[in-house]
Amino acid sequence: MNTVADARLRRTGSLEKNPRLSQWLRLEHDGTVSVFSGKVEIGQGILTALAQIAAEELGIAPERIRMVSADTSLSPNEGVTSGSLSIQDSGSALRRACAHARALLLERAAERLGVPIGVLQVEDGTMRAGGRTTSYWECTDNALFDRDVEDQASLSNSPGEHRVVGTSIPRRDLPDKIAGRPRFIQDVVLPRMLHGRVVRPPHGFAGLDSLDDAKAKSISGVVAIVRDGGFLGVLAEREDAAIAAQRALRSAASWKEAATLPRDIHAWLKENALDHRVISEKSDGEAQSRKTRTLAASYSKPYISHASIGPSCALALFEGDKLTVWSHSQGIFNLRHDLAVVLGMSEEAVVVRHAEGAGCYGHNGADDVALDAALLARTAGNRPVRVQWMRDDEFGWAPCGPAMALELHASLDSDGNIVAWQHDLWSNGHSSRPGRSDQPALLASWHLARPHERPSAINMPLPAGAADRNAIPLYDFPNQRVVNHYVREMPVRTSALRSLGAYANVFAIESFMDELARAAGADPVAFRLRHLSDPRARAVLEAVARRASWSGWTPREGRGHGIGFAKYKNLGAYCAVVADVEVGHEVKVHRLNIAVDVGLAINPDGVRNQIEGGAIQSASWTLKEQVRLGERGIASLDWEDYPILKFSEVPSVEIELLDRPDLPSAGAGEAAQGPTAAAIANAVENALGVRVRDLPLTPERIVAVIERQ
Amino acid sequence: MTERFSLTINGAESVIEADPDTPLLYALRNDLELKGTRFGCGTGQCGACFVLIDGHPAPACDTPLWSIAGKHVTTVEGLGRPGALHPLQEAFLAEQAAQCGYCTSGILISAAALLSKNPSPSESDVRAALDRNLCRCGSHNRMVRAVLRAAAGART
């Protein structure tokens, strides 16, 4: 909650950049309210949660809220739907806007009925006093919301009085998706639409040498082969013809040889860091002098693919000098900016409309395919063009979550307390999203006859951070030094993957905490608690230990349990996980017990769904996933080479949601990623007595560690 | 070389003109505008495009039109009766068994095939039956519960 003094400096959430009330909502003639948000549905249920917030603050039934799809010509610019910030930034702004709207409507009604505001009885938008009635919809006109949102408008209900917020109302988008009705970007059909595909080299881009397009041109229904430098695409009347032509072009194109990739990417990262930033330093000479032993360990995580089930898709249509693009981008305004730069257009001439895609889990091919569609549409003579990437386009060309190397050092005193801690991490940047650099961040723009320069991935600043997200431990250590070694050169294109660096940093910190607990002869839960003063952190650890019967664990051959904890970004949700694993030929995770504190949960079932989904995805990363690199590019281009967790391998997940209705809401989407990885790794150590420090925890890795013992 | 194909989709006859090697997926999505069957990988590895062919789940992305002459194809749109969802779909809604929902159609198809031959599956039966379908959001356990709920509902 902002104080009055804070509010003068900065408005609530997204109101800072979108202060007008009319940017957020409009009363419609049919008794509904249109709500505009720049945040987009990516399967996380945000449209449902935002509708709940609006309904609560307006005091109307949620069915009256119509969530308008984000559109650069209509919606507030709320940047990117990322970082588990939508409830915090968009939800808080929308809440203030709706509170202000309600106050204005009550004022109008009181005037109209000639009564003081205090005597109005309000129910679902109908306002009564002295036998007379009016409604929100009668009391509005175009001018009423044409003003800045008053950030101080009083909020209608305290948490104890909430009627819609805090309840698990069903997701509004699921009836269509479960019935199989058209809802996704992939399902959009426009009149006279052409189908496009883009042809890219098998491994790495260095330019197109030669091309014989005769066979592709001869395929029935092929309309055009489009070439601009090394950008090569095809337009066809039918989708299957476009795919057949893409295949024909692939076998008829000769590409320049791309640079070779490093053989040992983690060693290479350590050798190629240019910027070494100390992000946290604490010093206490007295505590330092008490150290009796020092431990060190190196950890690593590979490149990980977003691996959406639905390959990226976009549609583009030129009408005269105006371009409309349909996209499942997480940041439609930033995409518009980069499209305008590449196409040499003004931003005003480009409209980007959001349509829902498959889950993306970060920056995948969604933005790139939008430029592909626009480049092909430029030659399509005012016909709309739909492009969907194929599976190998997505695995081979979308950005990956960066590989990371980590080294941790810590010293214990004679009582087994940590007196000094050092954490070094080496990584490329974790964001190369559009709109974050002067150069366009869109794949095809680097391959054109007049190419743009590919920008390096960057890190967002702390406290949220990026590569260094969650690198600063939440524990109370008297001496502490954390260093982020940034690597600018990118052998593999990297960008944001769910939780960014937090996944690897928490994996390393929480693995090392267990190594230190073992050295100190302490129980891992008790060891954490004695270094942790934050009461909400202690509460989730204690809750998960209770739920998993931590102290009642019976050791059995091949079975192990382990714990992991983090406060996401050190700013957001608290999450603690206990894993129960069995290690035979491979690691089987039987159960994940999770305790989570997100403050006020707008939709508790939505929070559970996000936490469980995040934990299962993290289990998949941790047990199985690594992008395989060939000599010159990504070599894992299908699901056989990039396996993910299957139904029969998925653990049962039990979640305890700590009830904190009086505390501000924190996002739930990424909180489980790091703690789950650490809990599984610690459980594997508990089962085997050996520590695997390099992800993923595959049978080969485990055997190699055992053989080294 | 295009040919005329007569297809039986969700109990209705449709005629389309296409190359015999065209995957069924594109005939469904683009010629018949049945968008519930989704493209995921094009090689039958992910299950997003599963349909029932004579009652057996099969990837529409990897099934050429020539191979389905005389066979009955059921897509997600044809699981329920006109105007009514299939009990599995009702159960998926009741359990809120999805996140992004892109894999859902194919999973409903696999689950429908399972329940038609085994009306009382165990949890591990359900997991085994869905193992050819990938879900990236981590909604597996909710979907397993939904399938068990639908099975239990059908027995009562």
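Predicted model: local features only at pLDDT ≥ 70, side-chain atom pairs only at ≥ 80, totals over all residues.
1. Helices 2 and 3 of chain A. Helix 2 (residues 46-58) and helix 3 (residues 86-113) of chain A pack with their axes 8 Å apart and at an angle of about 25°. Since angles under 35 degrees count as roughly parallel, helix 2 of chain A and helix 3 of chain A are therefore roughly parallel to each other. Their crossing is right-handed. Helix 2 of chain A contributes A:Ile46, A:Ala49, A:Leu50, A:Ile53, A:Ala54, A:Glu57 and A:Leu58 to the contact. Among the residues they meet in helix 3 of chain A are A:Ser90, A:Gly91, A:Leu94, A:Arg95, A:Cys98 and A:Arg102. By class, the contact of these two helices holds 11 nonpolar, 3 polar and 3 charged residues.

2. Helices 9 and 10 of chain A. The axes of helix 9 (residues 332-343) and helix 10 (residues 366-377) of chain A come within 11 Å and cross at roughly 40°. That angle makes helix 9 of chain A oblique to helix 10 of chain A. The crossing of this pair is right-handed. From helix 9 of chain A, the contact is made by A:Leu335, A:Leu339, A:Val342 and A:Leu343; from helix 10 of chain A, by A:Asp367, A:Ala370, A:Leu371 and A:Ala374. The classes of these residues are 7 nonpolar, no polar and 1 charged.

3. The surroundings of A:Ala216. This residue lies in helix 5 (residues 214-217) of chain A. A:Ala216 counts as buried because it has 26 C-beta neighbours inside 10 Å, where 20 or more are needed. Apart from neighbours within four places in sequence, A:Ala216 is in contact with A:Val222, A:Ile225, A:Val234, A:Ala245, A:Ala248, A:Leu249 and A:Ala252. A:Leu50, one of the helix 2 residues named in point 2, is 166 residues from A:Ala216 in sequence and 48 Å from it in space, C-alpha to C-alpha.

4. Domains of chain B. The domain assignment of chain B gives domain 1 (3-78) and domain 2 (87-155). The C-alpha centres of these two domains lie 21 Å apart, and 14 residues of domain 1 of chain B are in contact with 14 residues of domain 2 of chain B. On the domain 1 side, strand 3 (50-53) and strand 4 (56-59) of chain B are the elements that give two or more residues. Strand 3 of chain B provides the largest share, 3 residues. The domain 1 side comprises 8 nonpolar, 5 polar and 1 charged residues.

5. The contact between the chains. Chain B gives 41 residues and chain A gives 46 residues to this contact. Helix 1 (24-31), helix 2 (87-94), helix 3 (104-117), helix 4 (123-129) and helix 5 (140-155) of chain B each supply at least two residues of the chain B side. The largest share of that side, 3 residues, comes from helix 2 of chain B. By class, the side of chain B that touches chain A has 18 nonpolar, 17 polar and 6 charged residues.

Key: Residues numbered from 1 in each chain as written. Chains lettered and ligands numbered in written order. Helix = DSSP H or I, 4+ residues; strand = E, 2+ residues; numbered from the N terminus. Buried ≥ 20, exposed ≤ 12 C-beta atoms within 10 Å, placed from the backbone. Contact = placed C-beta atoms within 7 Å. Axes fitted to C-alpha atoms, helices over the stretch in contact; angles between N-to-C directions. Parallel < 35°, antiparallel > 145°, perpendicular 65-115°, else oblique. Left-handed = near helix turned anticlockwise from the far one by under 90°. Nonpolar A, V, L, I, M, F, W, Y, C, P; charged D, E, K, R; others polar. Domains from an automatic or database assignment.
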